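Biologist: I am new to this structure. Please take one part, look at it closely, and then show me how it sits among the rest.

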Amino acid sequence: MIRKLPSGGYRLYSRKQDPRTGKRRNLGTFPTRAAAEKHEREIQFFKRR
């Protein structure tokens, strides 16, 4: 899940909530949405391996 930050960047969050904290895990902060989407695809590829 990608969200826009007030600073203008984008942050990638995990899809599932962390059961310990009840929040989504931060999977990285990126300057552009395209960079965040690219990393999201890389993570999905890695999780299937």
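Modeller: What follows starts with the whole model, moves to the helix and its charged side chains, and ends with the strands and one loop.

First, the ground rules. This is a predicted model, in which local features need pLDDT of at least 70, side-chain atom pairs count only at pLDDT 80 or more, and totals for chains, interfaces and linings use all residues. Residues are numbered from 1 along each chain as its sequence is written, and side-chain values use heavy atoms, leaving out hydrogens and water.

Next, confidence. pLDDT is the predictor's confidence in each residue, on a scale from 0 to 100. The protein has a mean pLDDT of 94, and 100% of its residues reach 70 or more. The lowest confidence is in α1, with a mean of 94, and the highest is in strand β1 (residues 2-4), at 96.

Now the overall layout. The protein has 1 helix and 3 strands. Helices (H or I, at least four residues) and strands (E, at least two) are DSSP runs, numbered from the N terminus. Read from that end, the elements run β-β-β-α. The C-alpha trace spans about 30 × 25 × 10 Å along its principal axes. Of the 49 residues, 24% count as buried. Buried means under 20% relative accessible area, exposed means over 50%, and partly exposed lies in between (1.4 Å probe, protein chains only).

Which side chain of opposite charge is nearest to E40? It is R15, 4.3 Å away. Lys and Arg count as positive, Asp and Glu as negative; His and the chain ends are not counted. E40 is buried, yet it has no salt bridge. A salt bridge needs a side-chain nitrogen of Lys or Arg within 4 Å of a carboxyl oxygen of Asp or Glu. What does E40 touch? Leaving out residues up to four places away in sequence, it touches M1, I2, L12 and R15. Contact here means heavy atoms within 4.5 Å.

How many salt bridges does a search of the whole structure find? It finds 2. One joins E37 to R33, with the closest N and O atoms 3.1 Å apart. E37 and R33 are 4 residues apart in helix α1, so about one helical turn separates them. E37 is partly exposed, at 30% relative accessibility. R33 is partly exposed too, with a relative accessible area of 38%.

The side chains of K38 and E42 also form a salt bridge, at 2.7 Å from N to O. K38 and E42 are likewise 4 residues apart in helix α1, so the separation is about one helical turn. K38 is partly exposed at 48% relative accessibility. E42 is partly exposed at 39%.

β1 and β2 pair in the antiparallel sense over 3 bridges. Two strands pair if DSSP finds at least two bridges between them. R3 has R11, in β2, as its bridge partner. The hairpin of β1 and β2 has 5 residues between the strands, and G8 there takes a positive phi near 105°.

β2 also joins strand β3 (residues 24-30), by 5 bridges, and the two run antiparallel. Here Y10 is the bridge partner of F30 in β3. The hairpin of β2 and β3 has 6 residues between the strands, and G22 takes a positive phi near 80°.

Look now inside β2 itself. S14 sits in this strand, residues 10-17. S14 counts as buried, at 10% relative accessibility. A polar atom of the S14 side chain lies 2.8 Å from the backbone oxygen of K16. S14 touches R24, R25 and L27, again not counting residues up to four places away in sequence.

Last, one loop. S7 lies between β1 and β2. Is S7 buried or exposed? S7 is exposed, with a relative accessible area of 68%. The C-alpha atoms of S7 and P31 are 9.5 Å apart, though the two residues are 24 apart along the chain. Across the protein, residues 24 or more positions apart account for 22% of the contacts with a separation of 6 or more.

Notes: A polar contact is a pair of N or O atoms within 3.5 Å; within protein, one must be able to donate a hydrogen and the other to accept it, and residues adjacent in sequence count only if both atoms are side-chain atoms.
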